[in-house]
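Let's take a friendly walk through a protein model, one piece at a time. Keep the picture open as you read.

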Amino acid sequence: MNELRKYILLYNPISGGGKGKKRVAKVISCFSKYGIKIDTYESKEKGDFLIKAGEFASLYDYIITIGGDGTINEVITGIMGQSKRPVVAVLRGGTANDIAGMLKIPNSIKKAVHLIVNSKPCYTDINKINDRYFAYVAGTGIFTKLTYEISRKTLKNFGYLAYIFEAAKDLFNDFISNKYNFTTVVEYDSGVISGKFMLILILSSRKVGGLNLEKFSKSKLNDGLLDMRLFSSVKFGKIFRLFKFVITSGRKNIPDYHITSSKFKVSVAEDISWNVDGEFANKGTVDIEVIKEAIPFIVSDKSRKKYY
Ligand SMILES: [Mg+2]
């Protein structure tokens with residue numbers, strides 16, 4: 001029956017420094033071994049998939065993407081606007097691959113295609129922040145601008161050093177002005193929390209920026225819930241608190257808050273910017289909600305056991 005399904009591969013030719021594009025021929029040949037002819041579409045510019053993925057949603061049963069988290073975010077957003085939503089499969093191919101990592105898709109194209117053709121998809125929650133969709137992370141505060149403030153050129157020339165340099169700059173500015181100390185009120189399913197925070201991190205799984213945060217939550221990708229950690233602000237020692245968070249795999253520190261909810265209203269000042277799935281999303285007060293089991297995804301057995 002597989003050959004009756006219609007598949008299309010959407011890829012971003014510049015993702016991961018062209019890594020995605022190199023994998024396209026391999027994907028086509030792996031599908032042909034199953035007697036499947038797969039169509040392809042190359043994105044023309046940033047934002048292209050926002051429209052195209054929506055158009056393809058009604059024409060195809062499967063949308064396969066190669067690209068990083070930013071590319072996948074565009075595809076998901078395009079599909080969410082449609083009533084008929086195809087199965088989505090994510091192949092690694094960008095600089096940031098948290099989403100593919102969360103779904104534990106094999107890096108080998110051959111194995112990944114085997115999984116796409118033979119496994120049953122898992123209906124997965126998609127999240128909304130004001131009028132934008134996101135797959136796995138939203139945040140504001142210290143270091144959250146790094147993923148989109150570094151230019152592609154700097155990233156290409158300096159790689160991870162660029163992140164370290166920008167992080168140091170962010171910390172230094174904070175040291176001078178204590179800017180990551182923002183007054184916040186969060187209304188959620190079972191109450192209200194208010195305080196001054198340096199970082200707010202909302203995750204649907206336990207992975208961000210390539211870090212494994214096993215102690216962050218017990219969340220599932222289809223439970224209709226998101227987890228939010230509010231990091232209380234301190235004048236000095238922010239970096240130590242964050243370091244502790246990372247080395248303890250996301251465990252909650254005493255002065256911080258952790259809440260699990262299907263909806264949040266986060267009231268902050270107008271100049272506070274939000275990063276979702278690694279991209280700038282919006283500023284100021286936001287409404288966040290989970291749309292339960294919105295899109296069927298291809299996931300590995302390991303991810304199915306852990307996250308569903
Ligand atoms: Mg969840």
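## Strands and a first example

Helices and strands here are DSSP runs, a helix having at least four residues and a strand at least two, and they are numbered from the N terminus. Keep in mind that this is a predicted model.

With that in hand, take Asn 275, which sits in strand 15 (residues 273–276). Is Asn 275 buried or exposed? A residue is called buried if 20 or more other C-beta atoms lie within 10 Å of its own. Asn 275 has 22 C-beta neighbours inside 10 Å, so it counts as buried. Thr 260 is 15 residues away from Asn 275 along the chain, and 19 Å separate their C-alpha atoms.

## Two domains

The domain assignment divides the protein into domain 1 (2–119) and domain 2 (133–291). Their C-alpha centres lie 28 Å apart. Where they touch, domain 1 supplies 13 residues to the contact and domain 2 supplies twelve residues.

Look at the side of domain 1 that touches domain 2: the elements giving two or more residues to it are helix 3 and helix 4 (98–103). Helix 3 gives the most, with seven residues. By type, the residues on this side of domain 1 are six nonpolar, five polar and two charged.

## A closer look at helix 3

Helix 3 covers residues 69–80.

Now find strand 3 (residues 62–66). Five of its five residues are buried, so the rest of the structure largely encloses this strand. In a regular strand, side chains alternate between the two faces of the sheet. Here both faces are covered: Tyr 62, Ile 64 and Ile 66 are buried on one side, and Ile 63 and Thr 65 are buried on the other.

Strand 3 pairs in the parallel sense with strand 1 (residues 7–11) over five bridges, and Ile 8 stands opposite Ile 63 there. Strand 3 also runs parallel to strand 4 (residues 87–91), joined by five bridges. In that pairing, Thr 65 faces Val 90 of strand 4.

In soluble globular proteins, nonpolar side chains tend to be buried together. The largest nonpolar core in this model has 77 residues, and those with the most contacts inside it include Ile 63, Val 75, Ala 89, Val 90 and Ile 202. Strand 9 (residues 191–203) provides the largest share, seven residues.

Leaving aside neighbours within four places in sequence, Ala 89 is in contact with Tyr 62, Ile 64, Ile 116 and Ile 298.

## Antiparallel pairs

Finally, visit strand 5 (residues 122–129), which pairs in the antiparallel sense with strand 17 (residues 286–297) over seven bridges. Tyr 123 stands opposite Pro 296 of strand 17.

Strand 5 also pairs with strand 6 (residues 132–134), again in the antiparallel sense, over three bridges. Ile 129 has Arg 132 of strand 6 as its bridge partner. Two residues lie between the strands of this hairpin, and Asn 130 takes a positive phi near 50°.

Methods:
Residues are numbered from 1 along each chain as its sequence is written. This is a predicted model: local features need pLDDT of at least 70, side-chain atom pairs count only at pLDDT 80 or more; totals for chains, interfaces and linings use all residues. A nonpolar core is a set of buried Ala, Val, Leu, Ile, Met, Phe, Trp, Tyr and Cys residues joined through C-beta atoms within 7 Å. A residue is buried if 20 or more other C-beta atoms lie within 10 Å of its own, exposed if 12 or fewer, and partly exposed in between; C-beta atoms are placed from the backbone. Two residues are in contact if their C-beta atoms, placed from the backbone, lie within 7 Å. The expected span of a helix is 1.5 Å times one less than its number of residues. Two strands pair if DSSP finds at least two bridges between them. Domain bounds come from an automatic or database domain assignment. Ala, Val, Leu, Ile, Met, Phe, Trp, Tyr, Cys and Pro count as nonpolar, Asp, Glu, Lys and Arg as charged, and the others, Gly among them, as polar.
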